[in-house]
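This report describes how the parts of one protein chain are arranged and how they meet. The sequence and the structure are shown first.

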Amino acid sequence: MASLLIKNIKQLVNVRVQNELLRGAALAEMPVIEDAYVLIEDGIIADYGAMYELELKVPHLPKDNIDVHGQFVLPTWCDSHTHIVFAKTREEEFIYKLQGLSYAEIAAKGGGILNSANKLNQATEDELFNSAYKRIQDTIKLGTGAMEIKSGYGLTVEGELKMLRVIKRLKEKCSIPIKATFLGAHTYPIAFKENHQGYIDSIINEMLPVIANEKLADYIDCFCETGFFSAAEMETIVNAGIGFGLKPKLHINQLNSIGGIESAIKLNALSVDHLETMTDADVKLLSNSNTIGTLLPTAAFFLRMPFQPARQLIDSNCAIALATDFNPGSSPSGNMNFVIALSCIQMKMLPEEAINAATINAAYAMELQNELGSITIGKKANLIFTKPIPSLAYLPYSFGENCIDKVMINGEFF
Ligand code: NIG
Ligand code: FE
């Protein structure tokens, strides 16, 4: 058995004996151990505690041990919402936006989701795999230890299946856990602009049976938004997905509140993601449900939209998580450290709340809470080792500074 002892940890963060999805005041509670050790066996957290208990609790010290004096150790971030498989970046649209063009004008120039779909359908599976693999390695270096990835830039039977097969290969090749989400209902492709029912039929009758047969997805998603999919259309698509064994994780209330929250809760969604535009009634519905609200502040930041009402959601007892929404259109960054900083700076979340929302609650938002999200015996040793820092609050406070010294995945430094 390969054993490794990490000793003299300045603070071991998010130490939990039991799993619990955190809501309300509990989100601000951060259990830590000062001057701590962690024992790792075969890539799994085998024990932890305060240094003064080490000799008693670990009588036979392993030969391999590392002294991390001054450093904090945290569970890695769980990024529960990404579109990390894409063919090309879209900085030309970014420039158009800076020059004052509207969303509609950019769309008329061939921009937006359809632009990405066009590029993706021209790319090979290997090209898509290689570029996404590189992006994932880069995000692991930034502390991400699990990721959800969506399709949704295919928008044809062939394109959607190609994306999902790429995600399946990424699951097999990457050292972090990956969950796959089918987002055929991202937007209506041009061929079905006047025939919405035709595209919905294609999703249900042509895409879903193959996806289920080849086990290409864990979840089903839909962009419920004015000009995209209505709440009723989402219900039809998601109910079909549920019939094929996929749980819903949904894009809701980014730009408008059109009944998506109510439908998502009726569909027993694992999570509702975005939530820039929430009515009081939406907040109340979410707070009385088991559905997790996943906030994507870097999308609001990049699109210069009002941020998600994190304080109202937390104070109303909603269970919330944080994610990057990494995609070439609205959030071209997979940096969870910046997501956490922005959550504190712009949404007034406390550092403890943001870190819990990006670890244990985010693990719940991708059903990985038994493997990741906290320092717990039996969970994976996917850990962030900070540089020497004065406090936990220093992480979001010093936004833009790279405070990460090393990242460990499955007990090995990455
Ligand atoms: O989550 N809102 C829908 N989809 C993406 C953006 C897609 C794009 O612009 O390529 C999002 O923000
Ligand atoms: Fe998204």
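## Basis of the description

Buried area is the accessible area, taken with a 1.4 Å probe, that two parts lose on being put together, summed over both. The model considered here is predicted.

## Domain arrangement

The domain assignment divides the chain into domain 1, made up of 3-75 + 374-413, and domain 2, which covers 77-364. Taken over C-alpha atoms, the centres of domain 1 and domain 2 are separated by 30 Å.

## The interface between the domains

The size of an interface is often given as the accessible area lost when the parts come together. Between domain 1 and domain 2, about 2500 Å² is buried, and carbon and sulfur atoms account for 68% of it. Of the area that domain 1 buries against domain 2, 27% is supplied by L21, R23 and L27, more than by any other three residues. In terms of contacts, 29 residues of domain 1 touch 36 residues of domain 2.

The count of salt bridges between domain 1 and domain 2 is 0. Polar contacts, in contrast, are found across this interface for 12 residue pairs, both residues being at pLDDT 80 or more. On the side of domain 1 that touches domain 2, the elements giving two or more residues are β5 (72-75), α16 (394-397) and β15 (404-409). The largest share, 3 residues, comes from β15. By residue class, this side of domain 1 divides into 17 nonpolar, 6 polar and 6 charged residues.

## Aromatic pairs

A pair of aromatic rings is described by the distance of the centres and the angle of the planes. The count for this model comes to 10 aromatic pairs. One of them joins Y394 and Y397: the ring centres are 5.8 Å apart and the planes stand at 45 degrees, so the pair is classed as tilted. Y394 and Y397 are separated by about one helical turn, because they lie 3 residues apart in helix α16.

## Salt bridges

Over the whole structure, 16 salt bridges are found. Among them, the side chains of R169 and D126 meet at 2.9 Å, N to O.

Terms used. Residues are numbered from 1 along each chain as its sequence is written. Chains are lettered from A and ligands numbered from 1 in the order in which they are written. This is a predicted model: local features need pLDDT of at least 70, side-chain atom pairs count only at pLDDT 80 or more; totals for chains, interfaces and linings use all residues. Side-chain values use heavy atoms; hydrogens and water are left out. Domain bounds come from an automatic or database domain assignment. Contact means heavy atoms within 4.5 Å. A salt bridge is a side-chain nitrogen of Lys or Arg within 4 Å of a carboxyl oxygen of Asp or Glu. A polar contact is a pair of N or O atoms within 3.5 Å; within protein, one must be able to donate a hydrogen and the other to accept it, and residues adjacent in sequence count only if both atoms are side-chain atoms. Helices (H or I, at least four residues) and strands (E, at least two) are DSSP runs, numbered from the N terminus. Ala, Val, Leu, Ile, Met, Phe, Trp, Tyr, Cys and Pro count as nonpolar, Asp, Glu, Lys and Arg as charged, and the others, Gly among them, as polar. Rings of Phe, Tyr and Trp (its six-membered ring) pair if their centres lie within 6.5 Å; planes under 30 degrees apart count as stacked, over 60 as edge-to-face and the rest as tilted.
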